[in-house]
Amino acid sequence: NALVRNGQAAASNYPFCTIDPNVGIVEVPDSRLGELAAITHPEKIIPAAIEFVDIAGIIKGAATGEGLGNKFLSNIRETAAILLVARFFENPDVIHVSGKIDPKSDLETVLLELILADLETVGRAKERYGKAARGSDKQAVAALDFLDRIYACLEKEQPASTVKPQQEVDFQVIQELQLLTAKPMLVIANLAEDQISTTAVELFNTYHLGTLIPSADWIIPICAKIEAELATLDQTDQQEFLTTYGLDESGLVRLVKSAYHLLGLQTYFTAGPKEVRAWTIRQGAKAPVAAGVIHTDFEKGFIRAEVIAYADYVAYAGEAGSREAGKLRLEGKEYTVQDGDVMHFRFNV
C-alpha cells in the first residue's frame, strides 16, 4: 500500500488475509527528470517504472501446499527478482504465525520453501531432459549435467544461484525453469518506529544473517508504519515528516532504487518539448537495443544515435548548447549506452 500509495491491498492483522497477489506499478525516483524538464519545458514527464507483485507470507510447508503456498509461489516464478520482507519489530497486538519474533528463522523458512519448490521443478526437468539425453541429444546431455549440479546444490539447502551458468545451454535452462532461488534477492527489514535509525550492518550482525545472505548490502531497513503514514502526505509534508525521524529519504525510495540496481538496470533519457522520458535498459546494452525499447522498428532500422551525456546536457542548457560546445556525439551500433545519456535515434525501415 505504501509503495503504490493507493491503500487497495488487504493488510489485516491475521495470517493469509492476502489470497490473490497484489500487483502495483511504481515510479523510479530520479531527480534528473526534473532537471531536464526545467530546460525543455515539456508537456509531460514520464519516469521509469518497476512492477511489484505482493504475495502472502510463506510458511513452513508452502512448497507442498501449506497456506496455499504452491499457488502463491507460482505467482512470483516469472518475476526478475525476489524481495523477502521480514518482521523485526515487537508488537503483541500484531499476530505472528509462529507466535514469536525471530527474523532469521522466518527468513530460513522462506528460503527453504523456495529451495524445496525449486527441487521439485528441477526434478521434473531432469526426467524430461533425461529422456532426450538417452536419445543422444547433445544439448539435452549438457542441460542434464547442469541440472544435476543444481539439484545436488539444492539438496544441500543451498540456492540455485550458487551454481553459475557457463555455457549457452545453462542460460537456456535457467530461463526456461524460472527457478526461484536463481533470482537475485533483497531482504526488507520491517522495523518499529523506534528502530528506524538501525543500520543494515547492525541488523546483519545482531541477527547473525551471514549464514543466509552474503552481506549487509542485501538488507534494506524500512518501517512500514512510517511509510504508510508518508503515503498519505503531500510532498512538502513528507519531507518535514522524514526530518522528524532524521531521514533524508523514505525507505521506499531506497527500496525502488535498490531493486532497480539489483536487476542490473539503468536509465537513458529522451528530451523535447512534447515529453521528457526515462527509458529502462540493462547495464551494458548497445545503442540499437536501447532504441528498440522505444519501438522495435528503431532497432531493426537503426542508423545511428545522437548522444549527449546528462551532465553536459544540463551544463550547456540543452541540445543546442551542447551541440555548439561539441558535446553532442554521433554513435553507431557498437556504442554501449551510459546511465543518464540523453539520446535521439536515427533509423530507416
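## Helices over the sheet

Helix α3 (residues 103-134) lies across β4 and β5 and runs at about 145 degrees to β4. Helices here are DSSP runs of H or I with at least four residues, strands are E runs of at least two, and both are numbered from the N terminus. Axes are lines fitted to C-alpha atoms, for helices over the stretch in contact, with angles from 0 to 180 degrees between N-to-C directions; contact means heavy atoms within 4.5 Å.

Helix α9 (residues 251-262) lies across β4, β5 and β6, at about 160 degrees to β6.

## What you're looking at

This is a predicted model, where local features need pLDDT of at least 70, side-chain atom pairs count only at pLDDT 80 or more, and totals for chains, interfaces and linings use all residues. Residues are numbered from 1 along each chain as its sequence is written, and side-chain values use heavy atoms, leaving out hydrogens and water.

## The sheet itself

The sheet is open, with three strands ordered β4-β5-β6 and paired in parallel; two strands pair if DSSP finds at least two bridges between them. At the edges sit β4 (82-87) and β6 (219-222), each pairing on one side only. On average, neighbouring strands are turned by 25 degrees against each other, direction ignored.

Six parallel bridges link β4 to β5 (residues 185-190). Across that pairing, V85 stands opposite I188 in β5.

## Zooming in on I308

I308 belongs to strand β9 (residues 302-308). Its relative accessibility is 3%, so I308 counts as buried (under 20% relative accessible area; exposed is over 50%, partly exposed in between, with a 1.4 Å probe and protein chains only).

Beyond neighbours within four places in sequence, I308 is in contact with Y313, E319, S322, K327, L328, G340, D341 and V342. For K327, the separation from I308 is 19 residues in sequence and 6.2 Å in space, C-alpha to C-alpha.
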